[in-house]
Every structure is written in structure tokens, then in C-alpha cells.
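Thanks for asking me to look this over.

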Amino acid sequence: GLAVGGANDSRLFSGARDWTVRLWDVETGQETARNNIHQNVVSFACWVPTSEHEVVQASEDLRLRVWDTRDMSKPAQVFEAAHNNIMTCCDVAADGRTLVSSSNG
């Protein structure tokens with residue numbers, strides 16, 4: 001999963017099959033933060049529209065994680081999704097109060 005956001009869309013949040021989530025500076029291309037998610041593949045990511053610092057990440061373990069990019073040592077919140085299959089998308093409402101996710105079955 002990839003998502004561009006933050007102040008002036010200056011940061012890229014990425015999740016990969018190597019079980020990592022990373023934060024990048026778009027202008028310099030430098031990695032600024034990283035966290036390993038034990039044996040968990042990120043399937044999608046999206047920024048919270050009302051925050052320069054929060055991003056949501058969906059995973060193959062059927063969890064949604066909210067990351068505060070100021071401290072990526074652990075997720076700020078973790079939600080168990082009500083899906084039976086891998087999530088394919090997640091999004092946050094414009095007011096930042098509602099989180100939705102979808103799966104392939």
C-alpha cells in the first residue's frame with residue numbers, strides 16, 4: 001500500500017510484503033521512519049484527511065492500524081476488521097470520524 005499525505009503532500013507512507021511500514025520524505029526520497037509488523041503484509045493505506053500526522057493501514061491479518069507519523073514505534077490504534085477475507089481498500093471520511101474498509105469476499 002502507498003499513500004501520499006502530510007503537510008503539502010510532503011510525505012509518502014508505504015507498506016510492503018517485507019512486513020514493514022515506512023515513512024518517506026517526498027522531496028528528498030529519504031526514509032524518515034520504519035516499523036516492522038511481525039509477519040503481516042500491508043494491503044492498503046490512506047491518510048486521515050483531517051490530520052497531517054495520521055495514516056490508516058489495512059493488513060492481511062484483518063486489522064486496521066492507525067499510525068501517528070510523529071512516533072512510528074507502534075500503532076496509535078488497532079481495530080479488528082469484520083471481514084473474512086483480506087482487505088482490499090480502506091478510507092476515512094472527510095471529517096475524519098468514520099473509517100471504512102472492504103474485502104474481496
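This is a predicted model: local features need pLDDT of at least 70, side-chain atom pairs count only at pLDDT 80 or more; totals for chains, interfaces and linings use all residues.

1. Let's begin with Glu-52, which sits in the loop that runs between strand E5 (42-47) and strand E6 (54-59). Helices (H or I, at least four residues) and strands (E, at least two) are DSSP runs, numbered from the N terminus. Glu-52 counts as partly exposed because its relative accessibility is 44%; buried means under 20% relative accessible area, exposed over 50%, and partly exposed in between (1.4 Å probe, protein chains only). Leaving aside residues up to four places away in sequence, Glu-52 touches Gly-6, Ala-7, Arg-11, Trp-47 and Thr-69, where a contact means heavy atoms within 4.5 Å.

2. Residues are numbered from 1 along each chain as its sequence is written, and side-chain values use heavy atoms, with hydrogens and water left out.

3. Which residues make up the largest nonpolar core? There are 12: Ala-3, Phe-13, Val-21, Leu-23, Ala-33, Ile-37, Val-42, Ala-45, Trp-47, Val-55, Trp-67 and Met-72. Strand E3 (20-25) and E5 are the elements that give two or more residues to this core, and E5 gives the most, with three. Apart from this core lies another, of 10 residues, including Cys-46, Ala-81, Cys-90 and Val-92. A nonpolar core here is a set of buried Ala, Val, Leu, Ile, Met, Phe, Trp, Tyr and Cys residues joined through side-chain atoms within 4.5 Å. As background, nonpolar side chains tend to be buried together in soluble globular proteins.

4. Trp-47 deserves a click. This member of the largest core touches Ala-3, Val-4, Gly-5, Gly-6, Arg-11, Phe-13, Leu-23, Glu-52, His-53, Glu-54, Val-55 and Thr-69, again not counting residues up to four places away in sequence.

5. Now the sheet. Four strands form an open sheet in the order E5-E6-E7-E8, with antiparallel pairing. E5 and E8 are the edge strands, each pairing on one side only. On average, neighbouring strands of this sheet are turned by 20° against each other, direction ignored; the axes are lines fitted to C-alpha atoms, for helices over the stretch in contact, and angles run from 0 to 180 degrees between N-to-C directions. Two strands pair if DSSP finds at least two bridges between them.

6. Going across the sheet, E5 is joined to E6 by five bridges, and Cys-46 stands opposite Val-56 in E6. E6 and E7 also pair over five bridges in the antiparallel sense, with Asp-68 in E7 as the bridge partner of Glu-54. These two strands form a hairpin with three residues between them, and Leu-62 in the turn has a positive phi of about 65°. Strand E7 (residues 63-68) is largely enclosed by the rest of the structure, because five of its six residues are buried. Four bridges then connect E7 with strand E8 (residues 77-80).

7. How many salt bridges does a search of the whole structure find? The count is eight, a salt bridge being a side-chain nitrogen of Lys or Arg within 4 Å of a carboxyl oxygen of Asp or Glu. One of them joins the side chains of Glu-60 and Arg-17 (3.6 Å, N to O). That pair links distant parts of the chain, 43 residues apart: Glu-60 is in the loop between E6 and E7, and Arg-17 in the loop between strand E2 (11-15) and E3. Glu-60 is partly exposed at 30% relative accessibility, whereas Arg-17 is exposed at 62%.

8. Arg-63 counts as partly exposed at 29% relative accessibility, and Glu-80 is exposed at 57%.

9. Within it, the side chains of Glu-31 and Arg-22 meet at 3.0 Å, N to O. Arg-22 is buried, with a relative accessible area of 15%, while Glu-31 is partly exposed at 32%.
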